[in-house]
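Have a look at the model first, then we'll take it a question at a time.

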Amino acid sequence: MITASQKKKENIAEYLLYMWHIEDLIRANKLDMDLIRRNIIDRFAHLTPEQRKDMEEWYESLIDMMRREGVTEHGHLQLNKNVILTLTDLHNRLMGDPKFAAYANQYYATLPYIVELRAKAGDNKPGELEACFNALYGLMLLRMQGKEVSEETLKATQQISKYLATLAALYKKDYNNELEIAE
């Protein structure tokens with residue numbers, strides 16, 4: 001909760017990956033608050049009673065949302081889908097403004113990887129940005145599991161990461177009204 005709030009302010013891409021991880025942690029703990037307390041919250045020994053209560057309420061609200069939105073086994077919360085929608089909107093605005101040629105170049109350098117990722121998805125193709133986030137999240141999971149990552153995957157995810165970092169930096173500027181994009 002504290003980490004999520006901080007990440008959302010600083011780097012929207014890291015925030016989204018973090019929230020996807022939280023969704024999976026909740027699923028791994030069977031959407032059970034007792035398990036979440038024991039396996040997650042109790043590990044934060046430095047929390048004040050108020051912070052602990054806030055964290056418990058945050059997890060409880062996420063569990064409630066996951067149940068209501070039908071994403072208890074897979075999928076993402078609407079609040080996380082909204083981040084991708086917001087970033088897609090920003091992407092489209094940036095691509096329409098010649099002042100952001102450097103951003104467009106990053107996107108076009110990443111596009112072959114996006115096309116490949118979407119082609120591998122079969123009938124259930126994610127949007128371009130979601131495909132990018134799926135690749136980075138998949139890499140994170142592979143590393144957490146101690147699995148080997150191919151050079152090809154590393155090359156693709158490095159480019160995707162560079163592209164999303166650029167988009168996240170522009171998002172932060174846009175969020176702080178420091179970005180002028182032609183309409």
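A salt bridge here means a side-chain nitrogen of Lys or Arg within 4 Å of a carboxyl oxygen of Asp or Glu. Keep in mind that this is a predicted model.

Q: How many salt bridges does the count come to by this rule?
A: Side chains of opposite charge can pair when their charged atoms come close. Going by the 4 Å rule for nitrogen and oxygen, the count of salt bridges comes to 14.

Q: Which helices hold Glu56 and Arg37, and how many residues apart in sequence are the parts this pair ties together?
A: Glu56 and Arg37 form a salt bridge, with 3.3 Å between the closest N and O atoms. Glu56 sits in helix α4 (residues 49–69) and Arg37 in helix α3 (residues 33–39), so the pair ties together parts whose separation in sequence is 19 residues.

Q: Is Glu56 buried or exposed?
A: The cut-off for buried is under 20% relative accessible area. Arg37, its salt-bridge partner, has 22% relative accessibility and so counts as partly exposed. Glu56 has 16%, so Glu56 counts as buried.

Q: Where do Asp42 and Arg52 lie?
A: These two form a salt bridge, the closest N and O atoms being 2.7 Å apart. The pair links distant parts of the chain, ten residues apart: Arg52 is in helix α4, and Asp42 is in the loop between α3 and α4.

Q: What relative accessible area does Arg52 have?
A: Asp42 is partly exposed, with a relative accessible area of 40%. Arg52 is partly exposed too, and its relative accessible area is 27%.

Q: How many residues apart are Arg93 and Asp174?
A: Arg93 forms a salt bridge with Asp174, and their closest N and O atoms are 2.7 Å apart. Arg93 belongs to helix α5 (residues 78–95) and Asp174 to helix α8, so this pair links distant parts of the chain, and the separation is 81 residues.

Q: Which residues do salt bridges that share partners join into one network?
A: Take the pair Glu56 and Arg37 and the pair Asp42 and Arg52. Salt bridges that share partners join these into one network, made up of Asp34, Arg37, Asp42, Arg52, Glu56 and Glu60.

Q: What is the orientation of α6 and α8 to each other?
A: Helix α6 (residues 101–120) and helix α8 (residues 151–175) pack with their axes 9 Å apart, at an angle of about 130 degrees. Roughly antiparallel would need over 145 degrees, and roughly perpendicular runs from 65 to 115. The two helices are therefore oblique.

Q: How do the residues of the contact of α6 with α8 divide?
A: On the α6 side, the residues include Tyr103, Tyr107 and Leu117, and on the α8 side they include Ile160, Tyr163 and Leu170. The residues of this contact divide into ten nonpolar, four polar and five charged.

Q: Which residues is Gln106 in contact with, leaving aside its neighbours within four places in sequence?
A: Gln106 is in helix α6 and, at 15% relative accessibility, counts as buried. With those neighbours left aside, its contacts are Gln159, Lys162, Tyr163 and Thr166.

Q: What handedness does the crossing of α5 and α7 have?
A: α5 and helix α7 (residues 128–144) pack at about 120 degrees, their axes 9 Å apart. Ile84, Leu87, Thr88 and His91 in α5 meet Glu128, Leu129, Glu130 and Phe133 in α7. The crossing of α6 and α8 is left-handed, whereas that of α5 and α7 is right-handed.

Note on methods. Residues numbered from 1 in each chain as written. Predicted model: local features only at pLDDT ≥ 70, side-chain atom pairs only at ≥ 80, totals over all residues. Heavy atoms only, no water. Axes fitted to C-alpha atoms, helices over the stretch in contact; angles between N-to-C directions. Helix = DSSP H or I, 4+ residues; strand = E, 2+ residues; numbered from the N terminus. Parallel < 35°, antiparallel > 145°, perpendicular 65-115°, else oblique. Left-handed = near helix turned anticlockwise from the far one by under 90°. Contact = heavy atoms within 4.5 Å. Nonpolar A, V, L, I, M, F, W, Y, C, P; charged D, E, K, R; others polar. Buried < 20%, exposed > 50% of the residue type's maximum accessible area, 1.4 Å probe, protein only.
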